[in-house]
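Have the structure open as you read.

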Amino acid sequence: MSGQHHPSADILAAYASGVLEPGFGLVVAAHVDGCAQCRRQVASYEAISGDALCEIDDAAMGDDALSRVMSRLDGAAPEKLAMDRRPFAERLTLKPRKWVAPGVWVAAVETPHARTNRVYVLSVAPGMPTARHEHSGAEFCTVLKGAYRDELGLFRAGDFAATDHDVNHQPVVQGDEACVCLFATEGRLQPQGLLGRLAFAYADV
């Protein structure tokens with residue numbers, strides 16, 4: 001999976017420093033997982049942060065700090081965890097799918113997030129549009145499979161998109177396969193039209 005649309009430098013720096021809310025960090029991770037260019041950029045930010053640690057003031061430590069550390073080293077080694085090499089989409093833990101319309105389903109992702117925010121996977125069948133909508137706040141999206149086009153361009157598998165309340169768009173699935181995307185949103189989406197409002201309310205997005 002490779003992408004033509006990448007997170008901004010600010011978003012990658014925030015991701016590398018761990019300050020993104022987990023749901024938004026998960027969407028960035030989905031892109032970084034398949035993008036060598038962004039992995040290198042994240043690694044450089046992490047190296048800069050590591051160097052910065054050398055410049056902070058020394059902290060006072062207890063007289064027994066060294067002995068306590070050494071005693072812990074004498075304990076049993078922690079179990080080594082095997083690396084999960086499945087594709088990113090298969091590593092997500094999803095709640096049951098909700099079929100919103102023929103060919104359209106949504107599933108919430110089990111990950112920590114603010115009560116008002118949403119983290120979910122949306123699958124839309126080939127050729128279908130979503131309802132035109134605006135946003136209450138930030139929205140991060142990584143395309144896991146397929147492609148869509150909206151007013152911002154064409155987004156294929158691996159691409160990342162960040163939008164906010166200034167964006168009013170209507171993505172339409174491109175190609176001959178379903179488009180599956182991972183989203184994190186601040187607040188609720190604001191669809192236009194009665195059917196859109198009903199569908200989004202049922203989907204809880």
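Buried means under 20% relative accessible area, exposed means over 50%, and partly exposed is in between, with a 1.4 Å probe and protein chains only. Val 69 therefore counts as partly exposed, at 45% relative accessibility. This residue sits in helix α4, residues 65-73 (helices are DSSP runs of H or I, at least four residues, and strands are runs of E, at least two, numbered from the N terminus).

The model is predicted, so local features need pLDDT of at least 70 and side-chain atom pairs 80 or more, while totals for chains, interfaces and linings use all residues. Residues are numbered from 1 along each chain as its sequence is written, and side-chain values use heavy atoms, leaving out hydrogens and water.

Now the pockets: on a 1 Å grid over the protein atoms alone, a pocket is an open set of points with protein on both sides within 12 Å along at least five of seven lines, and lining residues have an atom within 4 Å of a point. Volume is the space filled by probe spheres set on the points.

| Pocket | Volume |
|---|---|
| Largest pocket | about 540 Å³ |
| Second largest pocket | about 260 Å³ |

The largest pocket is lined by 32 residues, with Leu 122, Val 124, Thr 130, Ala 131 and Phe 200 nearest its centre. Helix α6 gives the most to that lining, five residues.

For the second largest pocket, 17 residues form the lining, and Lys 95, Ala 108, Arg 118, Ala 203 and Asp 204 are closest to its centre. Strands β2 and β3 each give two or more residues to it.

Note on methods
On a 1 Å grid over the protein atoms alone, a cavity is a set of points where a 1.4 Å probe fits but cannot get out, and a pocket is an open set with protein on both sides within 12 Å along at least five of seven lines; lining residues have an atom within 4 Å of a point.
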